[in-house]
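Please find below a colleague's note on the structure shown here. It is arranged as numbered points, to be read alongside the sequence and the coordinates.

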Amino acid sequence: MATKKQPWYMNAFFYQVHVRAYCDSNADGIGDLLGLVSKLDYIKALGVDCVWIMPIYPSPLNDDGYDIADYYDVHPDYGVIEDFQHLVQAAHERGLKVIADLVLNHTSDQHPWFQAARSDPNSKYHDYYVWSDTNDKYSDARIIFLDTEESNWTYDEEAGQYYWHRFYSSQPDLNYDNPEVREEMLNVMKFWLDLGIDGFRADAVPYLIEREGTNCENLPETHEILKSIRAYLDANYQDKILLAEANQWPKDVRPYFGDGDEFHMGFHFPVMPRIYMAIKQGDATPIRWIMAQTPDIPEGTQWCTFLRNHDELTLEMVTEEERQWMWEQYAPVPRMRQNLGIRRRLAPLLDNDPRKILLANALLYSLPGAPIIYYGDEIGMGDNIWLPDRNGVRTPMQWNAGLNAGFSEAPPEMLYEPIITEGKFSYKIVNVAAEENDPESLLTKMKHLIRVRHENPILAMGAYEFLAPEVNAVLAIHRSLDSEDLVCILNLTEQPQKLDLDLSRWNGAKVIDLLTEDPFPGITGEPYAIALKPWTFHWLKLSSEA
């Protein structure tokens, strides 16, 4: 164990919940906050520490709630503010934390601020947004939603001007050069923090400020604003976190940690596609390469890692050649592709093979960081690529083999999206009830993997080095923390593999597999021989104690 007490998030597991998709308490076909409350015992039993809930604010739902029409309330589909307070209290009673999405960059065009802004150029709210008489400013900024938007500017008839947006045209960007906007966002934070929430995942943070002659991403002024948000949080609250969603290369995410005075955590996006590359190629090279591109981060900050989430599997940070290869391998049907990514869930991506699913998770957990599990991936849920936008990976949680998979008592045609009923991912086969008491199920094995990872903070926080770099079929990683040593060994192929490791610096050490608690042969001066079955892995603890 690490001697110094670390902040809670350093060795945490996060569980991402789409409230709409999780559990419906009032039979209207839509998941809600009280439904989520009813499932907290399940979430706790999974072994996670913190629930991240996707946006629950009033919204026209053009972007599944990331288009906010009111920052200070709950969408009526999900309940009322008191339900949210109940959720936070019930989670805290179980030792779970709760973080929510803080959408800083933009609002919905239905937000009263924007409605006031467009209807009156003299309104103070006009300056809450970014306007121009032409659509040729900031031309170096890329268009993020390439398959739906032709420009970052949209002409508003009522205002007689263009407004700026980095995402959908129904999501005008806020103007962070306006001090009132910055003040407003601190008020929004205060409102939810005072309700007991444990922090925020801050959405789309690289885009807060626009400057001519730049790509309008990661600008120094953006970092100044984010540091002021962190300073406000630290001055007024204890033990609360900010998690940065900056879909950027690790070197560009590094400044979002500041000197430990900006974000507590940041997503590590590009490690994710390379886990899929490594498993499909049976080659550890992509993992070693991306970790070599990953800078050190300040003490007391942590990477947040994941295999899947509510968006497409992003292929922004791979080469054009790698993207085409990933599409061929993982999204052979054109409908599986979206933007620069893939709209599929974890289990379908990995051929519904529990060995590969567990290997992908074990690989993620063998690297530093705090992992996120996307709801339903722990049971191996499938997807529906024929639903619009990214909704195919946001279908109802499959609780049991009963009506609507136990998600809702509404008539099936009333559900916000259909349950998966066909094939090997049908809710009759893939559901919590079927897996909960089955020692061989994916859910049972995931719980075990999570528990062992959690009990060994060395995996979250320890230093790492790659062993046997000349071998590609097997990834071997030495993890160390204080006087503790662990070697993670993962067979990335469908063939049995043999590996000779040089572990002579631990001569005389005893070896135990943390996952099975089985003893392995002790270390001598000889090469350490390990045989691995296809797609298997070991976490070997090296100890000098007798």
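1. Overall form. The model is predicted. Its secondary structure comes to 16 helices and 22 strands. The radius of gyration is 24 Å, close to the 24 Å that the globule rule gives for 546 residues, so the protein is as compact as a globular protein of that length. Along the principal axes, the C-alpha atoms fill a box of roughly 80 × 55 × 45 Å.

2. Of the 546 residues, 62% count as buried. Among contacts with a separation of 6 or more, residues 24 or more positions apart account for 68%.

3. The open sheet. Six strands make up an open sheet with antiparallel pairing, in the order E15-E16-E17-E22-E19-E20. Strand E15 (463-467) and strand E20 (519-520) stand at the edges; each has a single partner strand, so one side of each is left without a neighbour in the sheet. Helix H10 (residues 285-292) packs on this sheet, where it touches E15 and E16. The direction of H10 makes about 140° with that of E15.

4. Strand E17 and its partners. Strand E16 (residues 474-481) pairs with E17 in the antiparallel sense over eight bridges, and Val487 of E17 is the bridge partner of His478. The two strands form a hairpin with two residues between them. In that turn, Asp482 has a positive phi of about 50°. E17 also pairs with strand E22 (residues 537-543), again antiparallel, over six bridges; here Lys541 in E22 is the bridge partner of Leu486.

5. Which residues of E17 are buried on each of its faces? On one side they are Glu484, Leu486, Cys488 and Leu490, and on the other Asp485, Val487, Ile489 and Asn491. Strand E17 (residues 484-491) thus has eight of its eight residues buried. As background, the side chains of a regular strand alternate between the two faces of the sheet.

6. The E19-E20 pair. Strand E19 (residues 510-513) and E20 pair in the antiparallel sense over two bridges. Within this pair, Ile512 stands opposite Pro519 in E20.

7. Nonpolar cores. The largest nonpolar core has 171 residues, of which Phe14, Tyr15, Ile43, Ile53, Phe84 and Trp192 touch the most other members. Helix H13 (residues 354-366) gives the most to this core, with eight residues. Another core, of 18 residues, lies apart from it and includes Val474, Trp506, Ala509 and Leu532. In general, nonpolar side chains tend to be buried together in soluble globular proteins.

8. Contacts of Phe14. Residues up to four places away in sequence are not counted here. Phe14 touches Trp8, Tyr9, Cys50, Ile99, Ile241, Met265, Cys304, Ala370, Pro371, Ile372 and Ile373.

9. Helix H9. Nine of the 11 residues of H9 are buried, so this helix is largely enclosed by the rest of the structure. The buried residues are Val271, Met272, Pro273, Arg274, Ile275, Tyr276, Met277, Ala278 and Ile279. They pack against H10, strand E10 (302-306), strand E11 (313-314), helix H11 (320-330), helix H12 (346-349) and H13. Just after H9, Gly282 takes a positive phi of about 60°.

10. Helix H10. Pro286, Ile287, Arg288, Ile290 and Met291 are buried in H10. What covers the buried residues of this helix includes helix H8 (250-253), helix H9 (271-281), H13, E15 and E16.

11. Leaving aside neighbours within four places in sequence, Ile379 is in contact with Tyr42, Met397, Gln398, Val430, Asn431, Val432, Glu435, Leu442 and Leu443. The C-alpha atoms of Ile379 and Ile275 are separated by 20 Å, the two residues being 104 residues apart along the chain.

Definitions and conventions:
Residues numbered from 1 in each chain as written. Predicted model: local features only at pLDDT ≥ 70, side-chain atom pairs only at ≥ 80, totals over all residues. Heavy atoms only, no water. Buried < 20%, exposed > 50% of the residue type's maximum accessible area, 1.4 Å probe, protein only. Helix = DSSP H or I, 4+ residues; strand = E, 2+ residues; numbered from the N terminus. Pairing = 2+ DSSP bridges. Core = buried A, V, L, I, M, F, W, Y, C linked by side-chain atoms within 4.5 Å. Contact = heavy atoms within 4.5 Å. Axes fitted to C-alpha atoms, helices over the stretch in contact; angles between N-to-C directions. Rg over C-alpha atoms; globule rule 2.2 N^0.38 Å.
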